[in-house]
4 protein chains.
Amino acid sequence: MKRIAVLTSGGDAPGMNAAVRAVVLKAISEGIEVFGINRGYAGMVEGDIFKLDAKRVENILSRGGTFLQSARYPEFAQLEGQLKGIEQLKKYGIEGVVVIGGDGSYHGAMRLTEHGFPAVGLPGTIDNDIVGTDYTIGFDTAVATATEALDKIQDTAFSHGRTFVVEVMGRNAGDIALWAGIASGADQIIVPEEEYDINEVVRKVKEGYESGEKSHHIIVLAEGVMGAEEFAAKMKEAGDTSDLRATNLGHVIRGGSPTARDRVLASWMGAHAVDLLKEGIGGVAVGIHNEQLVESPILGTAEEGALFSLTEDGKIIVNNPHKARLDFAELNRSLANLK
Amino acid sequence: MKRIAVLTSGGDAPGMNAAVRAVVLKAISEGIEVFGINRGYAGMVEGDIFKLDAKRVENILSRGGTFLQSARYPEFAQLEGQLKGIEQLKKYGIEGVVVIGGDGSYHGAMRLTEHGFPAVGLPGTIDNDIVGTDYTIGFDTAVATATEALDKIQDTAFSHGRTFVVEVMGRNAGDIALWAGIASGADQIIVPEEEYDINEVVRKVKEGYESGEKSHHIIVLAEGVMGAEEFAAKMKEAGDTSDLRATNLGHVIRGGSPTARDRVLASWMGAHAVDLLKEGIGGVAVGIHNEQLVESPILGTAEEGALFSLTEDGKIIVNNPHKARLDFAELNRSLANLK
Amino acid sequence: MKRIAVLTSGGDAPGMNAAVRAVVLKAISEGIEVFGINRGYAGMVEGDIFKLDAKRVENILSRGGTFLQSARYPEFAQLEGQLKGIEQLKKYGIEGVVVIGGDGSYHGAMRLTEHGFPAVGLPGTIDNDIVGTDYTIGFDTAVATATEALDKIQDTAFSHGRTFVVEVMGRNAGDIALWAGIASGADQIIVPEEEYDINEVVRKVKEGYESGEKSHHIIVLAEGVMGAEEFAAKMKEAGDTSDLRATNLGHVIRGGSPTARDRVLASWMGAHAVDLLKEGIGGVAVGIHNEQLVESPILGTAEEGALFSLTEDGKIIVNNPHKARLDFAELNRSLANLK
Amino acid sequence: MKRIAVLTSGGDAPGMNAAVRAVVLKAISEGIEVFGINRGYAGMVEGDIFKLDAKRVENILSRGGTFLQSARYPEFAQLEGQLKGIEQLKKYGIEGVVVIGGDGSYHGAMRLTEHGFPAVGLPGTIDNDIVGTDYTIGFDTAVATATEALDKIQDTAFSHGRTFVVEVMGRNAGDIALWAGIASGADQIIVPEEEYDINEVVRKVKEGYESGEKSHHIIVLAEGVMGAEEFAAKMKEAGDTSDLRATNLGHVIRGGSPTARDRVLASWMGAHAVDLLKEGIGGVAVGIHNEQLVESPILGTAEEGALFSLTEDGKIIVNNPHKARLDFAELNRSLANLK
């Protein structure tokens, strides 16, 4: 393989740049030329493709977001979109692709591979909800940023003796909420993977103040449950009488310079993707499992360890769906000092 | 003066702890005993008062919020509240008070002074909207925190080619928006001190994209204008067709470890408050003007340099109201590269 | 077990406070009383012991260092010291101990257990060089702090076209250097676990400038190799002609607010230590291996999975010594774009 | 004026990029073309000059160092060097220059102006030691970075009951030491502008421990006094018996993302430099005094407010030399709680 390309797809995540940099530098060290594709699959189809070299990635390791820009492009699920994309790859003599993004991006990588263009997926999202890896690129940074924000809210909550409902991102996954909640000493963490009883939530708030154990109260709420305002309204309905505020950390936790850990994981996986392409391997996703690099077939049977299988009528099955660490939910309860 | 007390009042602000620490340490060095009053004037009236020493303030210089806690307590505007407070001060032998907070806190300080308990005000708020000082304690930190958040939002905005309306605190003042807007390279800054035309805002967004000069667009919005969601809705009504998001930095910018600058200013003003009380001076507010400490009578005539005057029918006039730096608004326009 | 104690020993590390907090809160939730021991084993022997409750640990989760203070106390290796310590524990009715620290601390824990006071060790050090765990408490923060400092040095190195030798802590281990080196895009990483040739180091510096690939050059040096000044002097001897500076990040990377990850790991391990003591288990060290909690006998046979064994003549053998990730050294070379 | 250039000279400082960005964007808004000169006066003489536009400065506002790179180039003090530089400016049709740097840079600006190429100086250095301004670009960031490092050293000093001598940059000025010392609650601050008695330093350390007031002790030392190791050695000679460590913050405090305040000041001054050039004004340096923009003739008489004058025999006199705020030294002593 003499020429490869790299793109970022889906929501941006800190560390995507670190992964792109690793792809570029590793490829150069292997004598492979690298091209960048702007705005994900959309840019591939439109031919928004340009040469990358070491100078171009010199300053991006510590930068948040993705300098290749990203975009959602559902059209790539259709054969027509795929063929247009391939046309462009051919134009540049590109033989393999590294795709950094989420589930949707992996399916695109599968399609490219099936069309004879080996593509390797890297898990890039803050939500940590991608199968085939213990950690996604961007998750550690999002947890760090959310924790820093929660530390600041603790200052105000303490100063005024207030209750805060703080919403954090994570799509349908509670991982960011669980990690950032433990890291910031949250009194309660509400995630979509667990049932909760709003009356219990309110009772605990009350109990904390009345026992004199708590001078303030922080509830970390995963966005997959509902919005902070809505949750606070439900608490009021359920009888909360504390000085209650709702706040949403919002888009702030998507950005920012990646943590050292995210940069290391991204560099490690990025370099490995090039190793795979070099050997002509595509249709796989790279991940970190038990502190080691792993790769899994994107599509296939459960027995083969594939991330996804197809049913007879063409539906996608996730073979080993991502699970939040509910032992961490339990851990936090055991530290919250609330009956 | 042998015994003084210190309290924080109104919204919490980073650096309040640094000011309290300076009051305590300076008082000790002058042979004066110091007491802390919890929860502002409410705690004074309830007698929530305790001895402070060097050990107690050893670790607070770098902490956000106020370890004395704060509370709004409108009852202190009434004579009855004041007399109860004075009763408590007498119980502890307290002869003077340092009050860290906003306008309302200053009026309380004035009342205490009139009752024979000299009280000195220090400007503590993130909003920078207090008369008698160029900078309030907490402003520099709030600007720093907002700027850091805006840097992160830039990452996402760039990565996806989006337009963001980002709301920042500041009550009726645009200072945080102006400083953080310039510091983060905002494309537009909307503050309550200036008129704006929503059609012009939308036109500039469009112009930026169409000219190819802007790949994304950030609008920093002071909360004194309206909420981010509302502003974004108005933009859509006015014809905005960009990928527009609204986000509110919210309470995050109230907290956090104070910047070095805030710690220095707070320490400087806190120590000076003790100097004043030591000489029996009360009814004044300390500030920083042109890089020097200044003190102003809280109540009096404009000629005396008082911050507030009373009209014949008892209304409060602000003699020299706080003004946002509209030259900074102009500066940002000249850098925004938008016609 | 009705009463336990917790101490920190050896060099301080960010996250020790988070671990202490978890021990305290978990114990309270299990109905166990907790005592803090100041200054490690020295404080135990001197009876510097005090009651801990939830309020006392309310604010420490985010603080660096250890509020229990730490001290090295070699006398605890002697029976006499141990008996004095036990005397003190008895005085307070303490039945079990959590010890947060390094190898030496583990041996003390073993001795206490042998004397009938079950003690559990937690790995607390920035160096990541403790057996029985993939990560020590404080390592992630030290890597983060070193990376942040290296990012800053990159600014200056780039601005002036300079070569920097940057020394980072880690005692005899290269882990901090390897992680922070990759995370900051170091051109070369020198660790004690690998041979290096000073002529090769100098040749690569030269090659980088002469090929036009590098405008500046950063060498991350683990302290276990030698000091930065000494290394720079050796480079000059070996013919380096670049604008070379040596700097030592020094003690700065020991301190600071722990990262979210360190707080989570510390909380997790701290809570588990209480679970073990509750069941009367001592003489074990808790660790994280493959994303799960593990515990290992501190002393025993290799077959039992013990961390240490004794030879017949009483020497200590480390059964499964800590190894730096030399695959990361290789990874960095493959990204450094240097021949 | 249709074409101007901008360069950075002397030591790099955070905020230089923000100033360059402001020069570029303001010039564009005034219809002026802008060129960047790499590596200061050296690059000017060598013709290392290139066109700048808005895209090129899009991402640099938040970056430390100077993307134009910097270099010391004493040859520009000679006529020959100047004439070569002018030759290059002519080649590109450049009519005016903005020079960001220190004293030496200002003299170069004066020379260019005398040769008919109006040049405006902006104060860029972390040391805050440039005449004609209350604050230099980079100073606030250096203080912030030093304070953050000192906060971390406090963690370790407290944890082990140690004394630390911490050296901070500042060339011959004590400003960084004074501000960062106050901001971090240093016990003693030693600056070149004040005499000190090593026996007194040691006595205070001892007094702090013996009185029980101090559990640890931090001495912030400006590099203009001497190195940290040397100072610690002198303390030991003078009888210090504490657990004493010396550390040098070193180059770390030169780099890093500029603070919001530095970005605002740099943007403000950068834009103003273009205003001046537009009117054909050169030979002046821009500064901030009492919260307002000021400009001063670089060379002239004291009466004219010039920064420098020449004696009859050609020596340079500094008319109003920079003074450190010794009231801050006094403030810190009054807060240090040491007799």
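Colleague: Why does Asp127(B) count as buried?

Modeller: The model is predicted, and in it Asp127(B) has 4% relative accessibility. Buried means under 20%, so Asp127(B) falls in that class. Asp127(B) is located in the loop between strand S5 (119–123) and helix H5 (139–160) of chain B. Apart from neighbours within four places in sequence, its contacts include Met169(B), Arg171(B) and Ile176(B).

Colleague: What makes the pairing of the side chains of Asp127(B) and Arg171(B) a polar contact?

Modeller: The two side chains are 3.1 Å apart in this contact. The limit for such a pair of N or O atoms is 3.5 Å, so the distance qualifies.

Colleague: Why is the pair of Tyr41(C) and Phe76(C) called stacked?

Modeller: The ring centres are 4.2 Å apart and the planes are at 20°. Rings pair within 6.5 Å, and planes under 30 degrees apart count as stacked, so the label applies to these two rings. Tyr41(C) is in helix H2 (residues 40–46) of chain C, and Phe76(C) is in the loop between strand S3 (49–52) and helix H3 (79–92), 35 residues apart. Both Tyr41(C) and Phe76(C) are buried. The structure holds 32 aromatic pairs over all chains.

Colleague: Which residues do ring pairs link into a cluster with Trp268(C)?

Modeller: Tyr135(A), Phe139(A), Trp179(A) and Phe328(A) are linked with Trp268(C). Arg261(A) lies over the face of Tyr135(A), 4.7 Å from the ring centre. Arg325(A) lies over the face of Phe328(A), at 4.8 Å from the ring centre.

How values were computed: Residues numbered from 1 in each chain as written. Chains lettered and ligands numbered in written order. Predicted model: local features only at pLDDT ≥ 70, side-chain atom pairs only at ≥ 80, totals over all residues. Heavy atoms only, no water. Phe/Tyr/Trp six-rings, centres within 6.5 Å; stacked < 30°, edge-to-face > 60°. Helix = DSSP H or I, 4+ residues; strand = E, 2+ residues; numbered from the N terminus. Buried < 20%, exposed > 50% of the residue type's maximum accessible area, 1.4 Å probe, protein only. Lys NZ or Arg CZ within 6 Å of the ring centre and 35° of its normal. Polar contact = N/O pair within 3.5 Å; in protein donor to acceptor, adjacent residues only side chain to side chain. Contact = heavy atoms within 4.5 Å.
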